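Reader: I'm new to reading protein models, and I'd like to learn how to pick out features step by step. Could you walk me through one?

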Amino acid sequence: GCPTEWDGVSCWPALPLGQSRAVACPDILHVFEKSKGLIQRNCTAQGWSLPSPPYHSACQLETLGSNNDTEAKARHFVTMKVLYTCGYSTSLAALLLAIGIFSCFRKLHCTRNSIHIHFFTSFILRGTAVFIKDSVLFSDESIDHCTMSTVTCKAAIAFFQYSVLANFYWLLVEGLYLQTLLLLTFTCDRSYTWGYILVGWGVPMVAVGVWALTRLQYDNHGCWDDYSSLYWWVIKAPILLAIFVNFLIFLNVTRMLAQKIRCPDLSKTHKQQYMRLTKSTLLLIPLFGVHYVVFALFPEHVGVDARLYFELVLGSYQGFLVALLYCFLNGEVQAEIRRNWGKWQRSMESNVFNLATQDFTA
């Protein structure tokens, strides 16, 4: 007979000699809404026959301009992979530099920047998780993706889901902290830090733990990278909750900010502090949540190309944007860097002068 085969587009289950199998066009290949083409393959003495009719004919993919749809689709995903690899690499470099800046300068050590560092770390984990997942799932083209079900690939998917959840919950912490600052007039009390850490790292750990246990117990097949399972809601629901709460914070902070700025008793320095942090956080809340909410309202197979583009290509540059807003464009950070740079230059000039004086007197 013919063994199970993954042809790069569809999964063909094992069949005895002489039998045939027909599958519908995969959703990801649909170009027209009503495309319901069927592709058939026969089990012959020489193995599986070629798809009949070819994918590009059955699935109405004439726009590809090629008889080999699998190759065209592979080129599309290779291009996308190059784009998001560049994006995550750029983000990782920017985030590591930003963490280094916040860690090196003592004047920047406070609760606010500590939360920023945790937020940056969640992005670093997310980028690292994407690279790990790719290396485990797609590094070897000979791997049978139909039956792949190893501890390594499941652990990679679980780590990826944890990093995504942590990313959303540290954005929630940024929103909560901003609201706290507005309510308590810029306190730098460290007593809240452990509570923020429990929300940012603890809640995702609990959600992923519950998800992993339910998959092990009730749906332990494949590599856990399918989103059609009902148990996917164990991950999706906490993300939607974080986005919803952040949206409420967005509205409340906007209201409080308008009241604070109109307050005649508020000093100019405090107004500048409010505006600096608020602009960054209020920009990120809708930027991170809107596309996820839009796609969450539709089944996972709808808008696959748009979903991949937003989550992989555009999403890969979010870490760079966060580092830019919270660190590189931060006036306080820029002033501290200039101050230390000037101090270092004066120290170097002093050393050069001392050496020159020593040479002259000698």
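Predicted model: local features only at pLDDT ≥ 70, side-chain atom pairs only at ≥ 80, totals over all residues.

Reader: Where is Gln179 placed, and is Gln179 buried or exposed?

Author: Gln179 has its place in helix α4. Buried means under 20% relative accessible area, so Gln179, at 16%, counts as buried.

Reader: How many residues does helix α4 have, and how far does α4 reach?

Author: To read a helix, compare its end-to-end reach with the expected span. Helix α4 covers residues 151-184, which is 34 residues, and reaches 48 Å from its first C-alpha to its last. That is close to the 50 Å expected at 1.5 Å a residue.

Reader: Why is α4 described as largely enclosed by the rest of the structure?

Author: Here we look at how many of its residues are buried. For α4 the count is 27 of 34, so this helix is largely enclosed by the rest of the structure.

Reader: Let's turn to the nonpolar cores. Which residues touch the most other members of the largest nonpolar core?

Author: The largest nonpolar core has 67 residues, and Phe119, Phe120 and Trp170 touch the most other members. Several helices supply at least two residues each to this core, among them α2 (69-104), α3 (111-137), α5 (193-218) and α6 (233-262). Helix α4 gives the most to this core, with 19 residues.

Reader: What does Phe120 touch?

Author: Not counting residues up to four places away in sequence, Phe120 touches Leu95, Ala98, Ile99, Phe102, Val322, Ala323 and Tyr326. There is also a second, separate core of 10 residues, which includes Trp12, Leu15, Cys25 and Tyr55.

Reader: How many salt bridges does a search of the whole structure find?

Author: First, the general idea: side chains of opposite charge can pair when their charged atoms come close. A search of the whole structure finds 4 salt bridges. In one of them, the side chains of Glu5 and Arg41 meet at 3.0 Å, N to O. This pair links distant parts of the chain, with Glu5 in strand β1 (residues 5-6) and Arg41 in strand β4 (residues 38-44), 36 residues apart.

Reader: Are Glu5 and Arg41 buried or partly exposed, and what are the values?

Author: Glu5 is partly exposed, at 26% relative accessible area, whereas Arg41 counts as buried at 5%.

Reader: Which parts of the chain does the pair of Glu332 and Arg112 link?

Author: The side chains of Glu332 and Arg112 meet in a salt bridge at 2.6 Å, N to O. Glu332 lies in helix α10 (residues 331-361) and Arg112 in helix α3, 220 residues apart. Glu332 is partly exposed, at 28%, and Arg112 is buried, at 13%.

Reader: With which residue does Arg215 form a salt bridge?

Author: Its partner is Asp219, and the closest N and O atoms of Arg215 and Asp219 are 3.5 Å apart. Both Arg215 and Asp219 are buried.

Terms used:
Residues numbered from 1 in each chain as written. Heavy atoms only, no water. Helix = DSSP H or I, 4+ residues; strand = E, 2+ residues; numbered from the N terminus. Expected span 1.5 Å × (residues − 1). Buried < 20%, exposed > 50% of the residue type's maximum accessible area, 1.4 Å probe, protein only. Core = buried A, V, L, I, M, F, W, Y, C linked by side-chain atoms within 4.5 Å. Contact = heavy atoms within 4.5 Å.
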